[in-house]
Each structure stands twice: as C-alpha cells, then as structure tokens.
Amino acid sequence: MVKKLFKHEFAAMGRLMLPVLCAVLGVGILTRIILFFESDTIGFNIIGGSSFLMLFVVMFAGLFLAMVFGVIRYYKNLFSTEGYLSFTLPVTPAQHLMVKSVTAVTFYIAAALAALVSLVIALSGDPLVEGVKAASYIWAHLPEEINKVHLVFFAIEFAMSMFVAVFSSFFLYYTCITIGQMAKKNRIMMAVGVYFIYYLIVQVFSTVMSVLFSVFALTPLMERVAEFIADNIYLCGHTFFIGMLLVYILIVGVEFLVCHTIIRKKLNLE
Amino acid sequence: MSELLRCEKLTKCYGTKTALDEIDLCLESGKIIGLLGPNGSGKTTLIKLINGLLTPTSGSITVCSEKPGPKSRVNVAYLPDNSYLNNWMTVKKIVDYFKDFYEDFREDLAYEMFERLGITPETRLKSLSKGNKEKVCLILVMSRNAKLYVLDEPIAGVDPAARDYVISTIINNYNPDATVLISTHLISDIEQVLDEVVFINNGHIVLQKTVDQIREENGKSVDDLFREVFRW
Amino acid sequence: MNWKPDKNKPICPQLCEHMSVLIASGEYNPHDKLPSVRDMAISAGVNPNTVQRAYETLEQQGLIYTMRGSGRFVAEDVSVSKQSVKTLRFEKTEEYFSQMEALGFSKDDTKNYVKEW
C-alpha cells in the first residue's frame, strides 16, 4: 500500500515540480551560453550580470515552489473534497503523513540539487576551475592545529540537521493546516492564524532566551564557560551540532504526533 | 446472510450537540437499504462513522466484523455526496488509482460502463459535465466488488434520466453477499428499489422495516409515511 | 416495462399480479423462458429480492417452474393465472362502480353508459 501511495504521490508532485526543475537547469544552461559570448563590452557585462541575477532568482524560486507545492498538495489531497477519497483508502493516517512528507522533502532536495547543478553549469569552465583551486588551496593550508576530521564530521552533522530541518519545515505547515481544518469555517485562515501564533511564540521565546543569555554573559560564570569551550572546542562543536539534530528530530516527532492524533480523532472534512 | 454493519449504543457528540444518540442498528447482506431522514438527522454522521472518517464518542460500531479503519475499508465502497475527483487526472489515471488501492476493483466492468456513456479512457475529468462527473464517481464505486456500498445522496442534483441510470446501475450490480446503503431524501424515486428502510431523526433510529411491510401496515408509500413522520 | 405499480400497496404482490396478467393474456406462453431475476428487476425498476420473492410465489401458485441451470419458465397449465385475472377483473370493476357512485351516478346509469360505450 505504501509503495502505491508513493507512486501516486510522486506522480502528482512530479507533474508540478518537473517543469520547475527543468526551468532551474535551463536557466543555468542559458547563463552559461550567455557567458560563452562574453566580452568586455559594457553591454555584455550587463547581460551577463542580469542572467546571473535571474539564475539566483530562479534557484530560490525553485526551492520556494517546492515548498509551496508540497504544502498545497497536503491540503488539497487530504482536506479538500479529495480527502473523501484519500481517507477512505485502506491506508493509515501515519502512512499518509509519511509518504507526503518524504515526497515533499525529496522534491525540495531535488530543487536544491538542481539549483546547485545549475550554478555549477553556469560557472563551468574557467570560473569553476579557479574556484575549486582556491578552495582546495585553503583546505590544504589550514592552520596545523585545526583537526580536519572533526571539521568533516561537523559538516556531516550539520547536513543531517538541515535534512531533518526540511522535514520539520514541511511538518510545521502540515501541523498548521491540520489544526486549521478542525475549524468549521475559514479553515485556511485558521491555519494561517495558527502559524502566526506559532511565530509569535517562537519570537517571544527567542527574545527571552537572548535576554537571559545576555544577562548570563555578564556573570563571572560566563568566563569559565568560555574557557571550557575554548579548551574543548571539538566536544562542544559536536554537542552543538548533534544537539541541533536531536532538537529537530524532536520537533518533527511532536509535529507528526499532533497531525496524526488530530487526523485520527478530529478529522473535519467539509 | 451475514451481518455487515452493527452499531451498539453508538453515540457521537460535537461539543454540546449530540448528532447520534445511542444508536442500535444492524444491517444484513443481500439487501438494498435506504437511510432516510431530514437534513441534520445524523445520516451523514453515521456514514462518516462507518467509513472511519469520525470516531465515536461512545458505543461501538463494527463494519464487516472490523472496527472502521484500513482493514474495514477494503470491504466498503463509499460514494460521498460531492465529487472527490482530481480534475487534472484522466479517466485512465483514476481507474489505475482505484485498481492500485482496491484489489476488488473490476476494471473491465468500469470501462464497459464508461463506454456506454461515451467516456473514453483518455477523457480528462475536468472536461466532463457535472452530471457525467457524478456518474463517473458512481461507476468507480459500483465497479468495486465490495461487501458494503455506502451511497450518500446518489440521485440528488441529478436529472431524471440520470436518476434512472443510477438506479439501474445499482440494481444491475446487485450481489447477494453485499448490501447497498443509500442515504437520501428523494424517497419516491428510489422507494421501489429498496428492500428495507431506516428512518433516522435527531440522532435516533425511528424505524427499520421492509418497504412492503410499511406499505401493508400503513396503506401508504414510504414517501408518504416519511412526510407524515417528519412533519414539521 | 410499462408497469406502473400503486405506491401505496406492497410491491411484491403487485408484481405477481402483473406477471399473472402477462401470462394469462398470452404475452408469455407456456414454456416461454422468463427474464432472469436481474433483468426483470432492471426492467421493472424494482429490487431483485422483490423479483425473487415474486417468482417464488408464482412458482408456489403453479404458474411457473424452475429448471436448474436454465432459468424459469411459464408452466403448461396456466388456468391459475386466468383465475387471478378474473379476480382482478372483478376487483377493478368493483372499484370502477364505486368510483362512479362517488360521482353521483347510480349503478344502472353506469351500466347503461358502459353499454353505449
């Protein structure tokens, strides 16, 4: 059943995203072609510059659309009249949530990769070669004390957190929509309202934490903490990145649970 | 003859409002049953409970010996009263969708019925008229070889010729191991096709009898009895 | 099928009656194959269970018989149906006369009227 859900989910999202991904790659190729004709005349510099601008816009648009399409698909397939079909399939709510989020994240990552590939294509040739040479030079000539193994691990941990963070972004919108659908009228407005409340809470929480931290920073304890971090930079680094990963996993877990419970107990199809 | 639906003291409340109040109901196989009641009587709530779209506040409901959920849905074919179709799909795609999720889906039967309406597999769903869309939904549901068919207002908002089509399709698809539960308020059109009727009002089952019993005992049609029972 | 049953009376007996009439009038001759339950249900616009019960009743009355695997057929001796048609004639005439009486015509008035028809 899950395989079949995936098949149909990919088909539905692919239908929307494939043109976007092609457009992102296309603009990269186009930019490269434009740069091919580069000369030092002002005209070409402007064109070259604008096509790079367009490339950046399209790259981010691709990511933006991946997020938008993923969120709209969740609402439309589960909570509009299509929901009458989706929720009467011999499928559990958990399976629905899993398949939707995994598909949405996959296309989001695809959009990110397309953007990266597009950039590489646009820069291919001399600029890219120069860039790679510079980066390898810096990497090779890092100060002796820096343990490159740890840096690599930091990068891996960071990438993993970002991966889970994408899930948590989608699940955040899913949760807002799922809470919103419980309302009798104006379900979408309710979802937007929930988002604002969440945003507000996050803002208040961050402000409070920042204030507390600034106060803490003025205490003598702060110096000892700073010393400890300086002496154990790798340990603290790993704790930080792995901690971030765990926090994101926790957030996704909570959001998933909220959606799952509401769907099972408080489904409100129009 | 097996029991396809059993509700015991089934209750559903929305806040302070009680939509279904300790309902006891038993539906057996091999019948075409009408669920009749005015708007707000609890028909839709009962149907959603059967399909697992709502959970009971108290009491129990079993569908084909399972609690409503993924297992029971394998045996239930549901036609909701608004179209659940995805407009960008073609007929072929939605048939494939049903085929994928429901093992009992009879593809040949579906295409045969589509052909009689002049609908080809490549037809885009969004190009269909409202009436045809509803017929497509009906065909998809009736092409399932399910045990319990739940049709929510299959003939409301549909022209008289289409109503005849719906009724013939229902009769044609009759299976002694299955039961069709039709929820409607257009009783006179469908009365002749029903074995049994269940009257529901204000969350209570008011009556459950065969059509012939009602006509014999009351000397009037079910439609007339309904108007009498539910007089304002 | 041009059958318009009375909404206020049970369907099954009316269907039996209608079939009886068809048999008595010769629409269906002895040993003719009757439509399947499903086909009859669709053409009459009624529930297949109703048709099933009607066929069973007709069989009990001796008007039809079942051949396992082949279907249902009109019986050889259809005198029963002719009898029920006669009963129907009586009932309908009685109904007609009382309707005419309700309109203010006496029995004799009605008889004369029918003669001249």
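A salt bridge is a side-chain nitrogen of Lys or Arg within 4 Å of a carboxyl oxygen of Asp or Glu. By this rule the whole structure has 21 salt bridges over all chains.

The model is predicted, so local features need pLDDT of at least 70 and side-chain atom pairs count only at pLDDT 80 or more, while totals for chains, interfaces and linings use all residues. Residues are numbered from 1 along each chain as its sequence is written, chains are lettered from A in the order in which they are written, and side-chain values use heavy atoms, with hydrogens and water left out.

**Salt bridges**

Some of the pairs are listed here.

| Pair | N to O distance |
|---|---|
| A:K7 and B:D100 | 2.8 Å |
| B:K92 and B:D96 | 3.1 Å |
| B:D104 and B:R144 | 2.7 Å |
| B:K209 and B:E217 | 3.1 Å |

B:D104 and B:R144 are both buried (under 20% relative accessible area with a 1.4 Å probe, protein chains only; exposed is over 50%, partly exposed in between). B:K209, at 26% relative accessibility, is partly exposed, and B:E217 is partly exposed at 47%. B:K92 is also partly exposed, at 41%. B:K92 and B:D96 are four residues apart in helix 3 of chain B, about one helical turn. Helices (H or I, at least four residues) and strands (E, at least two) are DSSP runs, numbered from the N terminus.

**Interface of chains A and B**

The contact (heavy atoms within 4.5 Å) takes 24 residues from chain A and 22 residues from chain B. The buried area is about 2300 Å², with 62% from carbon and sulfur atoms; buried area is the accessible area (1.4 Å probe) that two parts lose on being put together, summed over both. One salt bridge crosses this interface. On the side of chain B that touches chain A, helix 2 (70-73) and helix 3 (91-101) of chain B are the elements that give two or more residues. Helix 3 of chain B gives the most, with six residues.

**Helix 8 of chain B**

In helix 8 (residues 211-218) of chain B, the buried residues are B:V211, B:D212, B:I214 and B:R215. They lie on the same side of helix 8 of chain B because they cover an arc of only 160° around the axis, the arc being that of the directions from the helix axis to the C-beta atoms. Their cover includes strand 8 (196-201), strand 9 (204-210) and helix 9 (222-229) of chain B, together with helix 1 (11-24) and helix 3 (48-60) of chain C. After helix 8 of chain B comes B:G219, with a positive phi near 60°.
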